[in-house]
Amino acid sequence: DPQQISLDDENTIKIFTSTETLKIADKDFNIEVGSLGIPEFGTKFVRQMLVDTQPTTFAELVRISGLSHGTDVWLNNGQDLVRAGTAEPKNVISTRDDIMNYLILKDLPPKEAFTIMERVRKGKGLTPENEALMKEKKVPAWYIDSCKKIKYMFPKAHAVAYVMMSFRIAFFKVHYPLAFYSTYFSTKVDDFDADLVCRGKENVVEKMKELSSIGNAMTQKEKDLMTVLEVAFEMYCRGFNFLKVDLYESDSDKFLIKDNSILPPLRALQGVGENAAKNIAKESKAGEFLSIEDVRIRTKVSRTVIETLENH
C-alpha cells in the first residue's frame, strides 16, 4: 500500500544526492544522482538542482519542487544566490507561502505580508511602499531583490502533493527495482525501441552518444528516446537485463518481469502498432503459429510488421 511508505526512508532519500543505494555495478555510469525516471526529479534541469542543493530531507525536496515550477525563482535568481554564497538553499524563496511566512516572522503586519506575497507570485514585483516597509523591518537586500525578479510561483501544497507521489515511486526504484522499471517503461512504450535496447548496454551507450552529438537539434521523438535510453542504461548498470520480445510470452503493451529480467511487449518494437500488438498477443494465446504465413493470416498484420518481427 503506497500510503504505508515512510516519507523519510533513508535509502530512498539518498537517491536525490547520489547513486549509492542503487548499487550500480558499472564504473561507466556517469549520472551523479539516482533520480532518473522519477516524476518531477528526472529531468536534466532538476537533476542539476539536486547536485547544487544536496537535499537530505522530504522538506528540502518540497523546496526543490517549488523552485523548479516557478519562473525566475531558481534560474537567474535562487541559484545565483546559492552559488555566490549569499544565501543557503534553505533560505532562498521557493514557494509562495515562504514569502508570507518569512515576512510575518520579520514582524510585518499579516495583511501586508499577504499582499506582498500575492504581488510577487503574480510577477508584479514590489511597490515603493512594500520595499520601504521591508527595509524598515530589516529584510535583507538580497531577499528584496529576489522578490523583484520572480514572475510566477508554485503554492507549497502542490509541491508537497507532487513530492509525496515522487517519493513513493522512488521507494520502489530502490527496494523493488524490476517493478519500478517494468512500470516506468510501460508508461513510455511509445518511445521505447526494443530492437535497439535489447541488443545490450553497449548498443544503448552508442545510441546515447549519437543523440548527444546532435545536441539542441534533437527532434522531440529523439529527446523522448534519449530519456528512455538513460533509464535503460541505468537498469543495465544495476545488473539487470532485457529479454528479447517473445511472440508467445510478451504482453501486447506491458513490460513484464521474467527471470530477474524485463520482457518488453510486442508494442515496444518500432513499427508494431497498438492493434497489431493486441492481435498478435490474442492469437498467440489461441494456439501455436505454424508458419510466418500463418501469423500473417491469423493476426491480419501488415507486411511491415512481419518484417519487424523477423528482424528482431
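Me: On a 1 Å grid over the protein atoms alone, a pocket is an open set of points where a 1.4 Å probe fits, with protein on both sides within 12 Å along at least five of seven lines, and its lining residues have an atom within 4 Å of a point. Which residues line the second largest pocket?

Reply: This is a predicted model, in which local features need pLDDT of at least 70 and side-chain atom pairs count only at pLDDT 80 or more, while totals for chains, interfaces and linings use all residues. Residues are numbered from 1 along each chain as its sequence is written, and side-chain values use heavy atoms, with hydrogens and water left out.
Rolling a probe the size of a water molecule over the atoms shows where empty space is left. Here, the second largest pocket is lined by Pro2, Arg168, Ile169, Phe172, Ala179, Phe180, Thr183, Tyr184 and Thr187. Its volume is about 150 Å³, meaning the space filled by probe spheres set on grid points joined across faces, edges and corners. Helix 10 (177–187) and helix 9 (156–175) each supply at least two lining residues, and helix 10 gives the most, with 5 residues. Helices (H or I, at least four residues) and strands (E, at least two) are DSSP runs, numbered from the N terminus.

Me: Which residues lie nearest the centre of the largest pocket?

Reply: They are Ile31, Leu36, Lys44, Arg47 and Glu230, out of 36 lining residues. The elements giving two or more residues to this lining are helix 2 (44–53), helix 3 (58–69), helix 12 (201–214) and helix 13 (220–237). The largest pocket holds about 930 Å³ of space.

Me: Which residues touch the most other members of the largest nonpolar core?

Reply: In soluble globular proteins, nonpolar side chains tend to be buried together. A nonpolar core is a set of buried Ala, Val, Leu, Ile, Met, Phe, Trp, Tyr and Cys residues joined through side-chain atoms within 4.5 Å, where buried means under 20% relative accessible area (1.4 Å probe, protein chains only). In this model the largest core has 91 residues, and Phe41, Ile99, Met134, Phe185, Phe192 and Phe242 touch the most other members. Helix 13 contributes its largest share, 10 residues.

Notes: Buried means under 20% relative accessible area, exposed over 50%, partly exposed in between (1.4 Å probe, protein chains only).
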